[in-house]
Amino acid sequence: MNIVIIRAFVCSIFLYSCIIQGQDSLKTVIAKDGDGIFSVLKREGIIGDKYYVEFVELNKDKINNGTVLQIGETYKIPNAPDSFKNMGRKIVLSKGIDFPIFTEDIRSLKREGKVLKNTIYYLIFDEFDGDNLKLIKSKTQTNDAIAKAIAKELMQQGARVFLFEYNSNETPSLGDYVDAINKRYLKYAGQHQRLLFVNLNQEALGQDTSVSVSHYEKSKEGAQFAKSLEKMFYAKNVKLISSEKNVFTDNVNLYLAKNAMPTMTYVSLVTKDIDNKDFVNKITKGIKNDYSKLSFDE
């Protein structure tokens, strides 16, 4: 009987020490003039009404009149797996780590729904050499802005999003991308995961806008994903190449389709000008339609 009591006591001490260590490892912030609980949580990309009580419990000895924070005081931030900083990440290919997509501009993100809850999207906006599968052209400023805009819209609907980051002197290969994607795919196994590969070509000045949405011919889910995106581009001023005829044939797309675990679709847009907002809207609507149809079928 004494052994049972001793074991119970040891377990309780262990659990208590884990809780204390967990609290000690929490991120902290220093309150600024005008800060309140909700403004601090929003600055960290955290849902205020969900984590308000936890914040108060963590910092109850440093809060005045219920919500007023003391300027210059240090406050612990609750661990929030669903914060915008955790839901949107840039993968550093050379190091295999990731960091938030949005930091200073995170206040602009707002929860707009849960349509894409439990979904994960990997967005690639780079170009690769089809012979050696190495990076030949990194994201332009336009591409980066569009990638972040798509990430923002998806995250606001509850999705987790991954973009890719590397130094200007690096030349990552498709294998580096695949390794990073597959590592996270396995981590989030069981969730709806998709890979979207986008090529925005603005060098063909004078040409009409044309869009092709391609998929891997052996993937039914890829064909459905492509079709959902394709439907968003029906317009008089857009030449659309049907995805039924447009399956992967080049080495880059085939390599990704065969080696990356998430279902993949490729969007190629050739235009003299890009309406960023319109393009982002079309892509995100197509993604939501694809997921809603899949959920309905299930």
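For my own reference, on a 1 Å grid over the protein atoms alone, a cavity is a set of points where a 1.4 Å probe fits but cannot get out, and lining residues have an atom within 4 Å of a point. Grid points are joined across faces, edges and corners, and the volume is the space filled by probe spheres set on the points. Searching the whole structure gave me 1 cavity of 30 Å³ or more.

Which residues line the largest cavity? I noted L123, I124, F125, D126, K139, A147, L163 and F164. Strand 7 and strand 10 are the elements that give two or more residues to this lining. By class I get 6 nonpolar, no polar and 2 charged residues; here Ala, Val, Leu, Ile, Met, Phe, Trp, Tyr, Cys and Pro count as nonpolar, Asp, Glu, Lys and Arg as charged, and the others, Gly among them, as polar.

**Ground rules.** This is a predicted model, where local features need pLDDT of at least 70 and side-chain atom pairs count only at pLDDT 80 or more, while totals for chains, interfaces and linings use all residues. Residues are numbered from 1 along each chain as its sequence is written, and side-chain values use heavy atoms, with hydrogens and water left out.

**Overall.** I find 9 helices and 14 strands in the protein; helices (H or I, at least four residues) and strands (E, at least two) are DSSP runs, numbered from the N terminus. Of the 298 residues, 46% count as buried. Buried means under 20% relative accessible area, exposed over 50%, and partly exposed in between (1.4 Å probe, protein chains only). I also checked contacts (heavy atoms within 4.5 Å). Among those between residues at least 6 apart in sequence, 76% join residues at least 24 apart.

**Cores.** A nonpolar core is a set of buried Ala, Val, Leu, Ile, Met, Phe, Trp, Tyr and Cys residues joined through side-chain atoms within 4.5 Å. The largest one here has 37 residues, and L123, I150, V267, F279, I283 and I287 have the most contacts inside it. Which element gives the most to this core? Helix 5 does, with 6 residues. Next I looked up I283: leaving aside neighbours within four places in sequence, I283 is in contact with I150, L196, L229, F233 and V267. Another core, of 28 residues, lies apart from the largest one and has Y122, F128, L135 and L174 among its members.

**Helix 7.** The buried residues of helix 7 are G222, F225, A226, S228, L229 and E230. S219 caps the N-terminal end of this helix, with a side-chain oxygen 2.8 Å from the backbone nitrogen of G222.

**T140.** I found T140 in the loop between strand 9 (135-137) and helix 5. T140 is partly exposed, at 31% relative accessible area. A polar atom of the T140 side chain lies 3.1 Å from the backbone nitrogen of N143. T140 and F125 are 15 residues apart along the chain, with their C-alpha atoms separated by 8.9 Å.

**T209.** T209 sits in strand 12. Its side chain makes a polar contact with the side chain of T271 (2.9 Å). Polar contact here means a pair of N or O atoms within 3.5 Å; within protein, one must be able to donate a hydrogen and the other to accept it, and residues adjacent in sequence count only if both atoms are side-chain atoms.

**L109.** Is L109 buried or exposed? L109 is buried, with a relative accessible area of 4%, though L109 lies in the loop between strand 6 (97-100) and strand 7. Not counting residues up to four places away in sequence, L109 touches F84, F102, K152, M155 and Q156.

**Phi check.** Most residues other than glycine have a negative phi. I wrote down N118, with a positive phi of about 65°, and L133, with a positive phi of about 60°. N118 is partly exposed at 45% relative accessible area, whereas L133 counts as buried at 19% relative accessibility.

Key:
On a 1 Å grid over the protein atoms alone, a cavity is a set of points where a 1.4 Å probe fits but cannot get out, and a pocket is an open set with protein on both sides within 12 Å along at least five of seven lines; lining residues have an atom within 4 Å of a point.
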